[in-house]
Each structure stands twice: as C-alpha cells, then as structure tokens.
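Open the model in your viewer and keep the selection tool at hand.

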Amino acid sequence: MNLFVYETPEELAGASAREFAARAEEAIDERGRFAAALAGGSTPKATYEELARDYADRVDWGRVHVFFGDERSVPPDHEDSNYRTVREALLDHVPLGGVHRMRGELPPEKAAAADEEELRRFFGDDPPRFDLILCGLGEDGHTLSLFPETSALEVTDRWAVANPVLKLETTRLTLTVPVLNAARAVMFLVSGEGKAGALREILEGDADPRAYPAKLVNPESGDLIWMVDQAAAGSLTPPL
C-alpha cells in the first residue's frame, strides 16, 4: 500500500492526473490500450478537469477505454449521474477510444447484467484486469457503491451487480470486490476533513470490513494507492 499526502485538494488533483497519465502511457506502450474504471464525486471530478485541461494533447486518448466503477439508477443526463459528471469534466473534451457506461436508466438487475456482458466482450471470460480503477471514499467507509452491510460485499461470482442500499432507499450499480482486487492498480482519491475518521479506520483500524467496505480492496497482484489531502489525513498516526 502506498500513501501520498498533499497539502491541498488542488495539489491532490494535479498529482492524481499525473499518475493517471503516466499509467496510461505505460499501458499503451506495453499492451496497446489503457482501460480505466472511473468514479463519480467531487474529488475525482477535479482530477478529470485537470486531465482535460493539461493532458488533452499529452495522452493518446484514442487508445483509452473508460468504464465506470458504479452508477446511480438514473438516466445518463440526470444531474446525479456519474456518467454525466465524468462526461462534462473529461469525456466531452478528449477523443476517447471507447466509453462503456453503466446503463442506469434500465431496471437495476438488467443494467448490471448488461454491464457484465460489456466487460466480457472487452476483457474476455477471465476476470477483468483494469489498468486502473479510481475510487473515492465516503464518510461511512464505502467506495464505489459498495456500502456497509450490503449484499454486494458478499458477491464473489459476478463482476457487476445491482446493490440495494436501504439507508438511501435506492439500488445502485457497482463493480464487485473481485474486480477491484484483480486490477493492476486501484487509486483512492480522498479529500476533506469529513473523511478523516473513515480513512483512519480503513488504514489503521481493526473494524469488520463489512462496516468499512474500502478495507476489502487489496489488489492481488497490483498496486494499492491512496492519494489524500492534509485535511483527510488529519487523524492518521504520525509520521505520515
């Protein structure tokens, strides 16, 4: 596990954009393409805006394929759609090789099955090995739409599922833990004092991972990277 702490959210966004671009270049050089699963939320959004602004001509975007780590059960033009957030921040500004969105406008079970079929068409029948999966972190310790004590945490034989989240009175689409742990790299982006308690528990605590689902993420043969700002890191045990 690699932990990097930055003074401000702006420094975090700049560093994460550089890491994204570097991993894209490496994957394209070695395998001819770069497959990334993206997250919604304000912290990843700042990274996407940085990529669109400073890396539009520095990444071979035609060889980049974008997937999504999770999605709300809404149409793609809805203000709550992760796809819409990423599209407005990044996808509208670079000529991507492929965009593979989760179809939140469909009934959740049908949407999850369609996403898994899309993953199989792209990666084949072995578990998908993303070059990079970007993740945020909720104050309750959730990541993607893997929320505490939800049924998706127990799934081992699916790549994408519809996950009922009772406390939100909704069902979310999400990649599963086995997909996260098959990735070449998972990069958490965490910003703000409100995340400090969850971050401390995940990195230093001994709580049941079902209560803090981000603890379940540990790539089997890939990199686990935490990029956080100083406010989020404020409760970690020094020295950092």
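Select strands β2 and β6. They pair in the parallel sense over two bridges. β2 covers residues 34–38, and β6 covers residues 132–135. This is a predicted model.

Now pick A37. A37 stands opposite I133 in β6. In β9, V186 is the residue opposite I133.

What covers the two faces of β6? Show the side chains of L132 and L134 on one side. Then show I133 and C135 on the other. These four residues are all buried, so both faces are covered, as buried here means under 20% relative accessible area. In a regular strand, side chains alternate between the two faces of the sheet.

**Next stop: F130**

Select F130. It sits in the loop between α4 (108–123) and β6. Which residues does F130 touch, leaving out those up to four places away in sequence? Among them are A35, A36 and A37. Others include F67, L119, F123, L175 and V179. A183, R184 and A185 are on the list too.

Zoom out to the largest nonpolar core, which has 78 residues. F130 and W226 touch the most other members. The largest share of this core, eight residues, comes from α1. In soluble globular proteins, nonpolar side chains tend to be buried together.

**Next stop: the aromatic rings**

How many aromatic pairs does a search of the whole structure find? It finds nine. Select F20 and F34 for one of them. The ring centres are 5.2 Å apart and the planes stand at 85 degrees, so this pair is edge-to-face. F20 lies in helix α1 (residues 9–31) and F34 in strand β2, so the pair ties together parts that are 14 residues apart in sequence. Are these two residues buried or exposed? Both F20 and F34 are buried.

Go on to F67 and F130. Their rings also form an edge-to-face pair, with 5.3 Å from centre to centre and 75 degrees between the planes. F67 is in strand β3 (residues 64–68). It is 63 residues away from F130, so-called distant parts of the chain being linked here. F67 and F130 are both buried.

R101 lies over the face of Y83, 5.7 Å from the ring centre. R120 lies over the face of W159, at 4.1 Å from the ring centre.

**Next stop: helix α3**

Select α3, residues 82–89. Colour N82, Y83, T85, V86 and A89, which are buried. They cover an arc of only 160 degrees around the axis, which puts them on the same side of α3. What do the buried residues of α3 pack against? Show β2, α2 (42–54), β3, β4 and β5 (98–99) to see their partners.

**Next stop: a sheet of three strands**

Select β4, β8 and β7. They form an open sheet in that order, with antiparallel pairing. β4 and β7 are the edge strands, each pairing on one side only.

Start at β4, residues 70–71. It pairs with β8, residues 170–175, over two bridges. D70 stands opposite T174, and E71 has L173 as its bridge partner. Cross to β7, residues 160–165, which pairs with β8 over six bridges. There, A162 stands opposite L173.

β7 and β8 form a hairpin with four residues between them. Select E169 in the turn. Its phi is positive, about 55 degrees, although E169 is not a glycine. E169 counts as exposed, at 76% relative accessibility.

**Last stop: L144**

Select L144, in the loop between β6 and β7. L144 has a positive phi too, near 50 degrees, and is a residue other than glycine. Is L144 buried or exposed? L144 is buried, with a relative accessible area of 7%.

Terms used:
Residues are numbered from 1 along each chain as its sequence is written. This is a predicted model: local features need pLDDT of at least 70, side-chain atom pairs count only at pLDDT 80 or more; totals for chains, interfaces and linings use all residues. Side-chain values use heavy atoms; hydrogens and water are left out. Two strands pair if DSSP finds at least two bridges between them. Rings of Phe, Tyr and Trp (its six-membered ring) pair if their centres lie within 6.5 Å; planes under 30 degrees apart count as stacked, over 60 as edge-to-face and the rest as tilted. Buried means under 20% relative accessible area, exposed over 50%, partly exposed in between (1.4 Å probe, protein chains only). A charge sits over a ring if NZ of Lys or CZ of Arg is within 6 Å of the ring centre and within 35 degrees of the ring normal. A nonpolar core is a set of buried Ala, Val, Leu, Ile, Met, Phe, Trp, Tyr and Cys residues joined through side-chain atoms within 4.5 Å. Contact means heavy atoms within 4.5 Å. The arc is that of the directions from the helix axis to the C-beta atoms.
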